[in-house]
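Please read them with the structure open.

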Amino acid sequence: MRLIHTADWHLGHELHGFDREAEHDAFLTWLRALLRARTVDALIVAGDIYDSVNPPVPVQRRLFAFLAGALAENPSLSIVLIGGNHDSGTRLELPQPLLDSGRCAIIGTMPRSGGAAAPEATLVPLPGAVCAAIPFLRPGDIGGGGVDGGDIAAMYARAAEAADPSLPLIMMGHLHLAGGEVSELSERRIVMGGEEAVAATVFPARARYVALGHLHRPQQISGPTLIRYAGAPFPLSATERLYHHSVALVEIGNGPAQVELIEIPRPVPLLRAPPSGALELEDLEAALLALEIPHSPLGAPYLEIAVRLSGPQPGLRGRIETALAGKAVRLVRIERVAEGLAEGMVGVAGSGIALGDLTPPDVFARRHRELYGTEPAEDLLTAFHTLWGAVI
Ligand SMILES: [Mn+2]
């Protein structure tokens, strides 16, 4: 059997206030054409279908139109969707009664039976295979307390035991596996929220293919079987702009599963000035004046800028906008890098300090040091404390 594995669509995503609707339309149109061209048995989407738990109406309409269209165009296609940490599982499942349940399964939340998790109920029959469609697991999905690697392994083991042993077993999941490369920005809130990465050994060796979502770079993870993150369809932050975004076409026969990566055309260019590191403001202004803007029919390219500063720089944005005058770009972010700090040496990530150990004034002072390389002035600290007192 042949399937296409994709994930982390994040429908409704905004890049620093710019909506991605045209890009999502381009991706979904491309995917529908691919499904028509490549004749697969199944399309599986491994979570974070939506970017938020309460996606706007046009965003939900986009998903429903895609599902209805792809099923109508491909009479032998099955589709399986699972919920990710960004999704509301119950909202994701909403259109299920309107879709042919024999060909489209949406499992947003872990099914329950008599109040307890029922991983057996995640098994979805596919043409020539069976799929354990296990969604992102939240504390409480499993029965009180947090979700650890042992709980996750137990869910996968129970699903595998309940699956017809004569059929190839495909497993889905939305979680953070140890050994996966994390993009710096768009997954940070999850990693820093105290979530532990789990070992790839949570998956039974019996699975022929494990289709994951959550990490946005397409990648294979070594483990007891073939385990892949499909990755997002296009960059969701500037740190993802060099990824080779793709979908995985997986062929499961008698031997090991075969994977063909099909690169997704980049709908809108995402530029960075400079391409890596940061420049002093004068050098940056010169680089911006000389910046070549690629042709981009779906909307002006996005631009992220990194400037090296030795202290607060009033009027920074105005100077950058002046240097960009007349250029068709969308300025998404100005990263300020403090003089004397090497890139990547800022923040608490990798420092061994847990965010929970810092007080808000600590975070404020650290952020000031990151931005300007100096301690906040006394009057600024006083203003911060006044504001802090007003909100707690
Ligand atoms: Mn996710």
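1. Domain bounds here come from an automatic or database domain assignment. For the protein chain, that assignment gives domain 1 (2-263) and domain 2 (270-391). The C-alpha centres of domain 1 and domain 2 lie 34 Å apart.

2. On the basis of the notes: this is a predicted model, in which local features need pLDDT of at least 70 and side-chain atom pairs count only at pLDDT 80 or more, while totals for chains, interfaces and linings use all residues. Residues are numbered from 1 along each chain as its sequence is written, and side-chain values use heavy atoms, with hydrogens and water left out.

3. Which residues coordinate the manganese ion? They are Asp 48 (OD), Asn 85 (OD1), His 174 (NE2) and His 214 (ND1), at 2.0 to 2.4 Å. Donors are N, O and S atoms within 2.8 Å of the metal (3.2 Å for Na, K and Ca); water is not among the atoms, so sites may look incomplete. Along the sequence, the donor residues of the manganese ion follow the spacing D-x36-N-x88-H-x39-H.

4. Helices (H or I, at least four residues) and strands (E, at least two) are DSSP runs, numbered from the N terminus. Asp 48 counts as buried because its relative accessibility is 1%, and His 214 is buried at 2%. Buried means under 20% relative accessible area, exposed over 50%, and partly exposed in between (1.4 Å probe, protein chains only).

5. Now the interface. In domain 1, 14 residues are in contact with 13 residues of domain 2, contact meaning heavy atoms within 4.5 Å. The area buried between domain 1 and domain 2 is about 1,200 Å², with carbon and sulfur atoms giving 72%. Buried area is the accessible area (1.4 Å probe) that two parts lose on being put together, summed over both. On the side of domain 1 that touches domain 2, strand 3 (18-19) and helix 1 (21-38) are the elements that give two or more residues. Helix 1 gives the most to that side, with three residues.

6. How many salt bridges are there between domain 1 and domain 2? The count is zero. A salt bridge is a side-chain nitrogen of Lys or Arg within 4 Å of a carboxyl oxygen of Asp or Glu. The structure as a whole holds 16 salt bridges.

7. One of them joins Arg 20 and Glu 23, with the closest N and O atoms 2.8 Å apart. Arg 20 counts as buried at 1% relative accessibility, and Glu 23 counts as buried at 3%.

8. Arg 38 forms a salt bridge with Glu 260, the closest N and O atoms being 2.8 Å apart. This pair links distant parts of the chain, with Arg 38 in helix 1 and Glu 260 in strand 16 (residues 258-263), 222 residues apart. Arg 38 is partly exposed at 26% relative accessibility, and Glu 260 is partly exposed at 37%.

9. Glu 304 and Arg 333 meet in a salt bridge of 3.2 Å, N to O. Glu 304 lies in strand 19 (residues 302-309) and Arg 333 in strand 20 (residues 330-338), so the pair ties together parts 29 residues apart in sequence. A network of salt bridges links Arg 272, Glu 304, Arg 333 and Glu 335.
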